[in-house]
Amino acid sequence: QKPGSTATIAGGASFRDEVTRVLRDLSDPASHGTLSDRLNPSHSCFDKQLKASWKSFSKKERAAIVAADQAKMAATVSATVAIDHPFEVTADDHCETAIEAYRDVVAILSQIATKLGKRPADLKIYDPFFCAGAVVKNLGDLGFHDVYNKCEDFYDVVAKKRIPDHDVLLTNPPYSGDHVERLLQWCRGNSKPFLLLMPNYFCTKDYFEPALGGPSQAKSMLYLCPRKRYSYWTPKGLRERPKVQAQHSRGGQNRTSPFVSFWYIDASPVLPANQLLRWWQSNCADADCKLCRFTDLPPGVRP
């Protein structure tokens, strides 16, 4: 169809092509971003074409887009509420990682893939902790299409020796109880690269070094620190009383950023710490984050 022409969508209504494009995209369960996100120039889902066209839309067209947006948000909440986690959960642990945090580790994941003789799309990534499943979509959008994140009990999987085949473990784990200590111990014994997104205070816990095998092994850890604090999204329906303000809500999720967090990274044996650091300094000097050892953590993120 030519620009300015109309198209008929489900329900029999006819709209201009640009309106139809937006309606179809909002109706796609795999698409990212609410209407508010798409109209926000500072958001990663900003739709420049939609923003430029918005004022030219008729009231009927805008109403149709708003209705599609509301339906998308309602479907997201409904799907989240329907999730039946087969393990004990703590409400405060229910947070999905924003795509910005995943974007910061794309270069490192890609380099691990290169060292393994794989394309990023074929790198097997394992996230053992399931919230609402956003990690698969987020990493897929960044070019990583072999991601395992299922609604199952990680500890039961370990006990039954059913760990899925993977090249690297990447997760934003639950912070409550002894989850982090147990995860660190398992990662060290797993002998594969791991990237853990956690608050800064975990690297000062008494169990941190022992869980990693001792002081010398703990010193092999690297930390990827963003210039801007990461935000997290709590899917609505997974907390009875979201601890966020109304203006921090979007598309079936509530935003929270209660602490300084960064990536804890050990890419050995594929990429020993010294090698990864040299590669980063040579190839990622202009990145919006800093890869360093504990002693070089920026003052603003140091625990």
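Is Asp167 buried or exposed, judged by its relative accessibility? In this predicted model, in which local features need pLDDT of at least 70, side-chain atom pairs count only at pLDDT 80 or more, and totals for chains, interfaces and linings use all residues, Asp167 counts as buried, at 14% relative accessibility. Here buried means under 20% relative accessible area, exposed means over 50%, and partly exposed lies in between, with a 1.4 Å probe and protein chains only. Residues are numbered from 1 along each chain as its sequence is written, and side-chain values use heavy atoms, with hydrogens and water left out.

The chain contains 12 helices and 13 strands, where helices (H or I, at least four residues) and strands (E, at least two) are DSSP runs numbered from the N terminus. Of the 303 residues in the chain, 46% are buried. The chain exposes about 15,400 Å², and carbon and sulfur atoms supply 51% of that area; accessible areas come from the Shrake-Rupley method with a 1.4 Å probe, and for residues only the protein chains shown count as cover. Among the contacts in the chain with a separation of 6 or more, 69% are between residues 24 or more positions apart, a contact being heavy atoms within 4.5 Å.

An open sheet is formed by 7 strands in the order E5-E4-E6-E7-E12-E8-E13, with mixed pairing; two strands pair if DSSP finds at least two bridges between them. In general, strands of a sheet pair through backbone hydrogen bonds, either parallel or antiparallel. The edge strands are E5 (146–148) and E13, each of which pairs on one side only, and the twist from one strand to the next averages 25 degrees. Within the sheet, E8 and E12 pair in the antiparallel sense over 3 bridges, and Leu222 has Ile265 in E12 as its bridge partner. Helix H9 (residues 179–190) lies across E4, E6, E7 (194–199) and E12, and runs at about 165 degrees to E7; for such angles, axes are lines fitted to C-alpha atoms, for helices over the stretch in contact, and the angles run from 0 to 180 degrees between N-to-C directions.

Helix H12 (residues 273–283) has buried residues at Ala273, Leu276, Leu277, Trp279 and Trp280. Seen down the axis of H12, these buried residues fall within an arc of 165 degrees, so they line one face of the helix; the arc is that of the directions from the helix axis to the C-beta atoms. On the other side of H12, Arg278, Gln281 and Ser282 are exposed. The buried residues of H12 pack against helices H5 (99–104) and H6, and against strands E8 (222–226), E12 (261–266) and E13 (289–292).

The structure holds 12 salt bridges, a salt bridge being a side-chain nitrogen of Lys or Arg within 4 Å of a carboxyl oxygen of Asp or Glu. In general, side chains of opposite charge can pair when their charged atoms come close. Asp167, the buried residue of the opening question, forms a salt bridge with Lys118, and the closest N and O atoms of this pair are 2.7 Å apart. Asp167 lies in the loop between helix H8 (154–159) and strand E6 (168–171), while Lys118 lies in the loop between helix H6 (106–115) and strand E4 (124–126), so the pair ties together parts that are 49 residues apart in sequence. Lys118 counts as partly exposed, at 28% relative accessibility.

Asp156 is partly exposed at 28% relative accessibility, whereas Lys160 is exposed, with a relative accessible area of 52%. Arg162, which is found in the loop between H8 and E6, is partly exposed at 42%. Not counting residues up to four places away in sequence, Arg162 touches Glu152, Asp156 and Val157.

Ser31 is found in the loop between helix H1 (17–26) and helix H2 (35–38), and is buried, with a relative accessible area of 14%. Not counting residues up to four places away in sequence, Ser31 touches Asp25, Leu26, Arg38, Lys72 and Lys137. Ser31 and Lys137 are 106 residues apart in sequence, yet 8.8 Å apart in space, C-alpha to C-alpha.
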